Amino acid sequence: MLETRRLKIYAASQDIMEQFIEAQTVDVLKAAYTEMLNGCLEHPDQWEWYAIWMIELKDGAHIGELCFKGLSADGVAEIGYGINEEYQSNGYATEAVRAVLEWAFTYPEVTAVEAETDSDNTASKRVLEKCGFTLNGAIGEEGPRWAVSKR
């Protein structure tokens with residue numbers, strides 16, 4: 001578990017992920033979270049790189065999720081994140097992304113972390129900028145790709 005000044009962030013267990021997936025009402029999210037669980041089960045030695053990471057306030061309130069989409073052979077991990085609407089605009093996404101970047105870069109094999117965000121998603125772009133990401137010139141399925149390299 002990672003802890004910041006205001007947050008607890010942790011890779012969910014299989015049981016927690018299964019419960020979380022079952023509770024989803026949006027089909028695209030249910031499919032994405034199921035894909036993450038399957039990645040964990042296929043790569044149990046790399047659980048954290050496929051798991052749903054839960055973002056909670058220190059009081060235990062669940063405020064969002066974060067994930068990596070595996071770790072490539074060249075040491076690049078892609079990150080995705082979301083904060084529940086009622087908790088947005090409080091700096092929680094930035095705090096969570098900074099914490100997991102610090103964690104990810106403790107692994108010698110990790111060279112960079114990338115993210116994609118829709119061009120119109122000003123809040124997400126701001127999170128990436130605050131965390132040191134810059135546009136890398138590529139366009140992915142969800143929009144322009146951003147990257148931050150190990151310092």
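**Cysteines, sheet, helix and core**

Guide: The count of disulfides comes to zero. Bear in mind that this is a predicted model.

Visitor: Are Cys40 and Cys67 buried or exposed?

Guide: Cys40 is buried, with a relative accessible area of 0%. Cys67 counts as buried because its relative accessibility is 7%.

Visitor: What stands opposite Cys67 in the sheet?

Guide: Ile52 stands opposite Cys67, which is in strand 4. Strand 3 (residues 52-57) and strand 4 (residues 62-71) run antiparallel and are joined by five bridges.

Visitor: And the sheet as a whole: what is the strand order?

Guide: The sheet is open, with eight strands in the order 1-2-3-4-5-6-8-7 and mixed pairing. Strand 1 (2-3) and strand 7 (134-140) are at the edges; each has a single partner strand, so one side of each has no neighbour in the sheet.

Visitor: Which strands does helix 3 lie across?

Guide: Helix 3 lies across strands 1, 2, 3, 4, 5, 6 and 8, and runs at about 35° to strand 4.

Visitor: How many residues of helix 3 are buried?

Guide: Eleven of the 13, so helix 3 is largely enclosed by the rest of the structure. Among the buried ones are Thr94 and Glu95, along with Val97, Leu101 and Trp103.

Visitor: On to the core. Which residues touch the most other members?

Guide: In the largest nonpolar core, which has 48 residues, they are Ile9, Trp49, Leu66, Phe68, Ile79, Val113 and Phe133. Helix 3 gives the most to this core, with nine residues.

Visitor: What is Phe133 in contact with, beyond its sequence neighbours?

Guide: Its contacts beyond four places in sequence include Val97 and Leu101, as well as Ile79, Val113, Leu128 and Trp146.

Visitor: Last one. Where is Arg151, and is it buried or exposed?

Guide: Arg151 is in the segment after strand 8 (143-149). Arg151 counts as exposed because its relative accessibility is 72%. Leaving aside neighbours within four places in sequence, Arg151 is in contact with Cys131 and Gly132.

Note on methods. Residues are numbered from 1 along each chain as its sequence is written. This is a predicted model: local features need pLDDT of at least 70, side-chain atom pairs count only at pLDDT 80 or more; totals for chains, interfaces and linings use all residues. Side-chain values use heavy atoms; hydrogens and water are left out. A nonpolar core is a set of buried Ala, Val, Leu, Ile, Met, Phe, Trp, Tyr and Cys residues joined through side-chain atoms within 4.5 Å. Buried means under 20% relative accessible area, exposed over 50%, partly exposed in between (1.4 Å probe, protein chains only). Helices (H or I, at least four residues) and strands (E, at least two) are DSSP runs, numbered from the N terminus. Contact means heavy atoms within 4.5 Å. A disulfide is a pair of cysteine sulfur atoms within 2.5 Å. Two strands pair if DSSP finds at least two bridges between them. Axes are lines fitted to C-alpha atoms, for helices over the stretch in contact, and angles run from 0 to 180 degrees between N-to-C directions.
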